[in-house]
Protein chains: 2
Amino acid sequence: MTAAEADRLARVALARITEPGHVRLLDLVSDSGAEVVHARLLDHPEIGRRLSAVEPERELAAAAKIGLRFVVPGDDEWPPVLDDLRTAEPVQERGGVPIGLWVRGPVRLDEVGGSLAVVGARTATTYGTDLAADLAATVGEAGRAIVSGAAFGIDFAAHRGAVAVEAPTVAVLACGADRVYPQAHHQMIDHIAAEGAVVSETVPGGAPMRIRFLSRNRIIAALSAGTVVIEAALRSGALNTANWAGRLNRTLMGVPGPVTSASSAGVHQLIRTGAATLVTSGEEALELLGASGEHVLDIPRGKDRPRDGLSHLQRQVLDAVPVARGAPSVSVARVAGLPAEEVHTTLLGLEVRGMVELDGDDGWRLAALAHD
Amino acid sequence: MTAAEADRLARVALARITEPGHVRLLDLVSDSGAEVVHARLLDHPEIGRRLSAVEPERELAAAAKIGLRFVVPGDDEWPPVLDDLRTAEPVQERGGVPIGLWVRGPVRLDEVGGSLAVVGARTATTYGTDLAADLAATVGEAGRAIVSGAAFGIDFAAHRGAVAVEAPTVAVLACGADRVYPQAHHQMIDHIAAEGAVVSETVPGGAPMRIRFLSRNRIIAALSAGTVVIEAALRSGALNTANWAGRLNRTLMGVPGPVTSASSAGVHQLIRTGAATLVTSGEEALELLGASGEHVLDIPRGKDRPRDGLSHLQRQVLDAVPVARGAPSVSVARVAGLPAEEVHTTLLGLEVRGMVELDGDDGWRLAALAHD
């Protein structure tokens, strides 16, 4: 058996007897290696008994039969971004580099670098789900994978947006990667397993539990170059993922909504406190994700206005024309600080363009076209 | 004649022959004093003729008759915050400390320190106008004046919100302070003149022109401790006021809206670029305006949840209970890393609270109540 094989087997066994995100254990494994920790725990009266009952070769073989692989540090497929979890502060007592990830699907974890996590409320509004699908599709079309948690609401919409443009998408589950949760997303999760990747730190067969959702969220944040939060109430679980993105120095973004919607209150708080940057579209998310020079957007300038086509002189004159009642060209000239004759000629040119109009005998005033 | 009187008359005359926000002239006046500039300009062939035709005493007397006063630097009523305009970079060739402000109404300009400017789209939606009125009322009730421009849309709603709670409100106009623009707001502007203050840098009788709107915006920003922008399209005039607030180191705030609404795009850009801080309510605006210790909000935590009342032990157990299919208490105990007997007792207590339930023969699962 190679050292790598021995390490993998030790990790399978340790994963079986502990919970995802068990900070102390994972730190020990990161520091001393899985085999050392495994050997040490065998001496423990109760844990040792459970540990020695695990048959890791058999687990791996059973997993392989149903298309599950166990990706561990040192594997070619291991994404180095996950190692950032080693130094990040725990959140709600969960943390650490996962002992390994169970993966089902053709997309390799080392190929989703630069991906975007899209998370948010399970009880999302159509405003939120439409935006999530749209944003995921835009980012997916630019060649980046979309990572989410396959939950109701925003998660589902994000996967759907990626699938719609045939972009790779990764679902990180709280239950085992061989299981489906929620059951209603059975078709979507199967599709992701066929075309993308279904990932879990929880052992095969494991049920979804709150402790595992909390652990799972750190994997979503760590796998991605950035996380965008769309609709999250003040205590939404999505804020836990956002928290992880911040601790991991990932780009954290939030899409605002009406301030009258409680579903956006958590996002607004992230933006308000400076934790997240406001984005309104996939293009803006790409700009923030992009390496320098990549995806840099022109600052949106709004529609062109009639004023845009004018010369400096024409603008100076226009700015001095009254909005309401008209004024004679000499008084426009005085306000503009320009010679009366030049102003008169310019006004005639502006009239042709429909920017000013004669107000009976009172003189020139702005035409509606030029009000902005 | 006292020096102060001579200075005031020189300012009245200079104001009559120049436009608001004329940077070069205003800088000269700030540097050398109004009388010196006045004397120098009398020598100019064309300007001198116009200047000597002004009758400042008569102008002041005529103004006084219609309730207008001319407030200049050195007056008790002159708000020192306006002097910040001396060093601020011009925007669109407008800038400088105003030569004086024409004021109509009982509220004194030196008493509106700490006020909030509320500006935004003229073509606002009801989302925007409702929020503007609400926010202005909240800030007004806390004893701060509301400054705006009496325009359609957000401006009007802001004044309306202040008036509703009988808070002082200040309308800074682009036309003369004796005039009304827009005409449709005639009643509101009269009300503000009776209870608050109508202010203009434009001479009495002056018409509203674009150049004067641009100059006016800097007065709105300078008079206030902070500016909040509610609904502004990408090239809205409200962004000009926001720009001034930034240059004057005032607190700049923006209220977000749906990203699908073009009316909020300018606000989102201000927040996204870090120029403005996101606020969702008058309380949050007050917090940002407040001196340290004043109006500091508790961070909103969302509604209390059933979990909040639990002990640490109860939460540990709850976090290990499956969401979907049930699990026996020994398996919950293993996941939680706690003794089986202690977990069993705790589960019974959680059942009484309605947090967990028995799933047939399979064991314990989370009750709907505990899902968040």
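Predicted model: local features only at pLDDT ≥ 70, side-chain atom pairs only at ≥ 80, totals over all residues.
Biologist: Let's begin with two helices. Why are α1(A) and α4(A) called oblique to each other?

Modeller: Helix α1 (residues 3–17) of chain A and helix α4 (residues 45–53) of chain A pack at about 125°, with axes 9 Å apart. Axes are lines fitted to C-alpha atoms, for helices over the stretch in contact, and angles run from 0 to 180 degrees between N-to-C directions. Under 35 degrees counts as roughly parallel, over 145 as roughly antiparallel, 65 to 115 as roughly perpendicular, and the rest as oblique. The pair α1(A) and α4(A) is therefore oblique. Helices here are DSSP runs (H or I, at least four residues), as are strands (E, at least two), numbered from the N terminus.

Biologist: Which residues of α1(A) and α4(A) make the contact?

Modeller: A:Ala13, A:Leu14 and A:Ile17 come from α1(A), and A:Ile47, A:Arg50 and A:Leu51 from α4(A); contact means heavy atoms within 4.5 Å. By class, that gives five nonpolar, no polar and one charged residues. Here Ala, Val, Leu, Ile, Met, Phe, Trp, Tyr, Cys and Pro count as nonpolar, Asp, Glu, Lys and Arg as charged, and the others, Gly among them, as polar.

Biologist: And at what angle do helix α6 and helix α7 of chain A pack?

Modeller: Helix α6 (residues 126–141) of chain A and helix α7 (residues 154–164) of chain A pack at about 35°, with axes 7 Å apart. Among the contact residues are A:Ala132 and A:Ala136 of α6(A), and A:Ala158 and A:Arg160 of α7(A). The contact divides into eight nonpolar, three polar and one charged residues.

Biologist: What makes helix α10 of chain A largely enclosed?

Modeller: Count its buried residues, where buried means under 20% relative accessible area, exposed over 50%, and partly exposed in between (1.4 Å probe, protein chains only). Seven of the 10 residues of α10 (residues 238–247) of chain A are buried, so the helix is largely enclosed by the rest of the structure. Among the buried ones are A:Ala238, A:Asn240 and A:Trp244. The cover includes β3 (116–120), α9 (210–223), β7 (226–230), β8 (251–255) and α11 (265–272) of chain A.

Biologist: How many residues of helix α12 of chain A are buried?

Modeller: Six of the eight residues of α12 (residues 282–289) of chain A are buried, so this helix too is largely enclosed by the rest of the structure. A:Glu284 and A:Glu287 are among them. Part of the cover comes from chain B, through α11 (265–272), together with elements of chain A that include β3 and α6.

Biologist: How do you know whether B:Arg11 is buried or exposed?

Modeller: Its relative accessible area is 8%, which falls under the cut-off, so B:Arg11 is buried. B:Arg11 lies in helix α1 (residues 3–17) of chain B. Leaving aside neighbours within four places in sequence, B:Arg11 is in contact with residues including B:Val29, B:Phe70 and B:Pro98.

Biologist: Is A:Glu93 buried or exposed?

Modeller: A:Glu93 has 53% relative accessibility, so this residue counts as exposed. By contrast, B:Gln92 has 47% and is partly exposed.

Biologist: Which residues does a cis peptide bond join in chain A?

Modeller: A:Tyr181 and A:Pro182 are joined that way, with omega about -5°. A:Pro182 lies in the loop between β5 (169–173) and α8 (186–195) of chain A. In chain B, a cis peptide bond joins B:Tyr181 and B:Pro182, with omega about -5°.

How values were computed. Residues numbered from 1 in each chain as written. Chains lettered and ligands numbered in written order. Heavy atoms only, no water.
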